[in-house]
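These are my notebook entries on one structure. I recorded what I looked up, entry by entry.

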Amino acid sequence: MALFGALLRVAICKALLFFSVCFAADRVVNYELEYKYITASPLGVPQQVIAVNGKFPGPVINVTTNEYVVVNVRNKLDEDLLVTWPGLHMLQTSWQDGVLGTNCPIPSKWNWTYEFQVKDQIGSFFYFPSLKMQRASGGFGSFIITNRPVISLPFGFPDGDIVIFIGDWYTRNHTALRDGLDNGKKLGMPDGVLINGKGPYRYNSSLVPDGIDYETINVNPGKTYRVRVHNVGVSTSLNFRIQNHNLLLVETEGTYTSQQNFSSLDIHVGQSYTFLVTMDQNASTDYYIVASARFVNESVLHKVTGVAVLHYSNSKGKATGPLPDPPNDVYDKSYSMNQALSIRQNVSASGARPNPQGSFRYGSVNVTDVYILRSTRPVVIDGDLRATYNGLSFDHPKTPIRLADLFHVPREYKLDFPNNPVDRPPRKDKSIINGAYKGFIEIILQNNDTNVQSFHMDGYSFFVVGMGYGEWTENSRGSYNRWDAISRCTTQVFAGGWTAILAYLDNVGVWNLRTENLDRWYLGQETYIRITNPEETGNKTEDPAPDNVLYCGALAYKQKAQKTSSATTLQGSSQPYLSLPLLFFAILYIL
């Protein structure tokens, strides 16, 4: 018996070692996000904003490549809620994407738990509420995916991490903004620009009223910080700069970039960038951090300028004097586009995996399908102001698309989205793109609107291979970058211009294609791409619907009332994946 006990303990030790080695990287990280209204005065005017866990902006979600993420969202708003995670690929599980075409909304006073793996990803992202223009009132927070220790960074490890949210802001909340759009009105000029949810530092007493709370970023001299900047605004492109400091660009939306210094960078709605900033200036005064509107009338520029303060620990005085100049390109509309085209992929760096980012030779892959998505100024359709792609303004199905597939609900959507703009009156439609599994799609975004737009694709990163002004033609392919184009999830499309992207469709599911400009998105400028594997057996390329799936539309009869639970989840807590088997073995060992 003693011999048996000794052998059992040896076996248990080997099993423990096996599980600890094999599953050390695949940990479960738990977060709790509670959405509710609070009153704040970011521009000096009391207003209702959406806080997450009582904070505006919301808390940082910080995970590591390949970890499993469990996020329990509690909706304490007075309307439906969905939280989306732009840039996260949600491999094989569009059920977790958090947009109306893939998820039934979380009703007021309910909670719902998202569960997904951040498989083979690194980088700087953010989360936000995707319904009814709610992001215009807040509800956003940073989502950081840190690389595994076995993968080296393509730069020296920074001394600290700084997250900065920039965005245009209205003193009217999202319900008032969407009511205006519903009544056929434009949003108008923003009331200001916020930095980390706060108004501008009083750099000029005649332009900035007294009593506004501003953001201060505290740093130590000589240190290098990784600065993650997200434009979470409504519709305005912003130029970001830090007075007298270089911005060394190193990453954008999950891809390491070729490193280059910028004195300032245009960051468009929905985009994220990561810089290394070295605190190498003298500390005679603090320094300005500025986010100012681009492509607006210069007479109102000061109104849409956000200002924060960079404070050295040994600073001898407050920041004073004029702000650092924005780009002087009023008569050179190519400046911002050339800056965007200069951002390229670091093809030799390892991202989430050991192989170099440039291993996928996208430039030599044959394109299997081409779509031209043309956007124009909003038009009136059936008495409503609407925005369109190819003359179609998306009309959301009552039942989410993949749920309709699963339960064979007819006529919820159509797989007939046109490859090209069609010469016919604009209309509301439920038309989506029928994507070929493992196809290689080329999408040309033709912006015939008057504003810069940001295009986003859920579930994927795409290669931004070209941009230009005027109408795209077949000859435009001659200018494509087929070697080191940046891979990202959100790209700008300049007014009167085009942007071309390439994407490999290997992620089964239903994925949202949209403009990130909240007014155009709310007015219907979006569609979906449905990708199915015709040879699918046993959920190998797509996860089944989660056990906690919500039902609505034609399937609302299946939805049960939600049970209340006293169980809570520790924010940011983590535990080893497959911890139950480990616990079982440990109990055996004790016995």
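I looked up the bridge partner of Ala291 in β19 and found Gly306. Strands β18 (residues 287-293) and β19 (residues 305-312) pair in the antiparallel sense over six bridges. Strands here are DSSP runs of E with at least two residues, helices are runs of H or I with at least four, and both are numbered from the N terminus. Two strands count as paired if DSSP finds at least two bridges between them.

I noted that this is a predicted model, in which local features need pLDDT of at least 70 and side-chain atom pairs count only at pLDDT 80 or more, while totals for chains, interfaces and linings use all residues. Residues are numbered from 1 along each chain as its sequence is written, and side-chain values use heavy atoms, with hydrogens and water left out.

I then traced an open sheet of five strands and wrote down its order as β11-β19-β18-β13-β16, with mixed pairing. Its edge strands are β11 (216-219) and β16 (265-267), each pairing on one side only. From one strand to the next, the twist averages 25 degrees (axes are lines fitted to C-alpha atoms, for helices over the stretch in contact, and angles run from 0 to 180 degrees between N-to-C directions).

I turned to an open sheet of four strands, whose order is β3-β8-β7-β5, again with mixed pairing. Because β3 (61-64) and β5 (83-84) stand at the edges with a single partner strand each, one side of each has no neighbour in the sheet. β3 runs parallel to β8 (residues 141-146), and four bridges join them. Opposite Ile61 I found Phe143 in β8.

Buried means under 20% relative accessible area, exposed over 50%, and partly exposed in between, with a 1.4 Å probe and protein chains only.

Last, I asked where Asn346 lies: in the loop between α3 (334-341) and β20 (369-375). Asn346 counts as buried because its relative accessibility is 15%. Leaving aside neighbours within four places in sequence, Asn346 is in contact (heavy atoms within 4.5 Å) with residues including Pro154 and Tyr256.
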